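Thanks for coming. I will go through one structure today, starting with the whole chain and then moving to single residues.

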Amino acid sequence: MKEGMVKYGEEGYPNSLYTIANPPKQLYYRGDIALANNSLCVALVGSRKATEYGSYVAGKMAGRLAENGITVVSGMAAGIDSYSHRGALTAGGKTIAVLGNSVEICYPRGLEKLKGQIEEEGLILSEYPPETRPAPFTFPQRNRIISGLCEATCVIEAGLNSGSLITAEFAAEQNRLVYAVPGNITGVMSIGCNRLIQDGAMAVAVIDDIINDLAAKGLCRKREGPSYIMKKLGEDEKEIYEFILDNGEATFEKMSLALKKPPKELMGTVTILEMKGLLQVCFGKILIAN
């Protein structure tokens, strides 16, 4: 594990932070500092009190970003942050944790193993000098670094007073892309995200939306070809995906006749493939989601 400090203006200081208001004067680090400059980064943030749904989305989305060579950035807090870091690492990708305390301190307790793994396989960053304990003001302050390192920030779950909304606000001020995962309108942990969407953040409808959007903007290139995708699908999913791939598009009726399966049976599998970002249904037609 490498560790050190890089000052504003020195070689190795993250280029993306030169464009933000109040950039940190120095950054202390553990791990691969080159990650902050040599990779496309996306921030995944959210509530410390994550629901089962939010935790799943964080891990799944982080894994998909990692599989496409995108570095996942978060704050190593409990909940959405930690699931995002783990999702990226489990997929064999890279992740950056920006702390609200100095780099040698693990906060909250219980994340020592995760912190150690990030130090070895990713990057831990902090603007705070050694022996700086976490305090209420340090976490909102570090959020400008999380968003500043990234091309895009996605809020996965957030109450109305969630610190992740501060990260989204910083991202908007820094002219970064802002996304939010919509949730149940009666859920306390969905209010923040739904409000963000109401205020103009882009809604994430399927897991791959951010990847597809970044690819469309020329910021990244999706790595997965059809043969790679096939290896990760179940038999029913393969059959439908391969049929759409061969035909370009289809209706449920056409696919039902060709595959000799009732439309209702096909709809469930198509919905799963749509959630995975592989298909989209538009005006009754099923298409490959490029």
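Of the 290 residues of the protein, 52% count as buried. Buried here means under 20% relative accessible area, exposed means over 50%, and partly exposed is in between, with a 1.4 Å probe and protein chains only. Before I go on: this is a predicted model, in which local features need pLDDT of at least 70 and side-chain atom pairs count only at pLDDT 80 or more, while totals for chains, interfaces and linings use all residues. Residues are numbered from 1 along each chain as its sequence is written, and side-chain values use heavy atoms, with hydrogens and water left out.

Now the overall shape. A compact globule of 290 residues would have a radius of gyration near 19 Å, and the protein has 20 Å, which agrees. That radius is taken over C-alpha atoms, and the globule rule is 2.2 Å times the number of residues to the power 0.38. Along the principal axes, the C-alpha atoms fill a box of roughly 65 × 40 × 35 Å.

The protein has 12 helices and 12 strands. These are DSSP runs, numbered from the N terminus: helices are H or I with at least four residues, strands are E with at least two. Contact, in what follows, means heavy atoms within 4.5 Å. Among contacts with a separation of 6 or more, 68% are between residues 24 or more positions apart.

Helix H3, residues 80–90, is mostly covered, with eight of its 11 residues buried. Which elements do the buried residues of H3 pack against? They pack against strand S4 (71–74), S3, S5, H2, H4 and H5. After H3 comes Gly92, with a positive phi near 80°.

Helix H8, residues 209–216, has the buried residues Ile210, Ile211, Asn212, Asp213 and Leu214. Their packing partners include strand S3 (41–45), helix H2 (52–67) and strand S7 (152–155). H8 is followed by Gly218, where phi is again positive, near 80°.

On to charges. A salt bridge is a side-chain nitrogen of Lys or Arg within 4 Å of a carboxyl oxygen of Asp or Glu. By this rule the count comes to 10 salt bridges. One of them joins Arg64 and Asp208, with the closest N and O atoms 2.6 Å apart. This pair links distant parts of the chain: Arg64 is in helix H2, Asp208 is in the loop between S9 and H8, and they are 144 residues apart. Are these two buried or exposed? Arg64 is buried, with a relative accessible area of 8%, and Asp208 is buried as well, at 0%.

Another salt bridge, between Glu235 and Lys238, has an N to O distance of 3.8 Å. Both residues lie in helix H10 (residues 235–247), three residues apart, about one turn of the helix. An α-helix has 3.6 residues a turn, so residues three or four places apart point the same way. Glu235 is exposed, with a relative accessible area of 61%, while Lys238 counts as partly exposed at 25%. There is also a network of salt bridges that links Glu3, Arg30, Lys115 and Glu119.

Arg142, in helix H5 (residues 138–148), is buried yet has no salt bridge. Which side chain of opposite charge is nearest to Arg142? That is Asp81, 4.4 Å away. For charge, Lys and Arg count as positive and Asp and Glu as negative, with His and the chain ends not counted. Setting aside residues up to four places away in sequence, Arg142 touches several residues, among them Arg48, Gly75, Asp81 and Glu127.

Last, some backbone details. Most residues other than glycine have a negative phi, and most peptide bonds are trans. Tyr107 and Pro108 are joined by a cis peptide bond, with omega about 0°. Pro108 sits in the loop between strand S5 (95–98) and helix H4 (112–121). Glu131 has a positive phi, near 70°, and is found in the loop between strand S6 (123–126) and H5. At 69% relative accessibility, Glu131 counts as exposed. Asn175 also has a positive phi, near 60°, and lies in the loop between helix H6 (164–173) and S8. Asn175 is exposed too, with a relative accessible area of 71%.

That is the end of my list.
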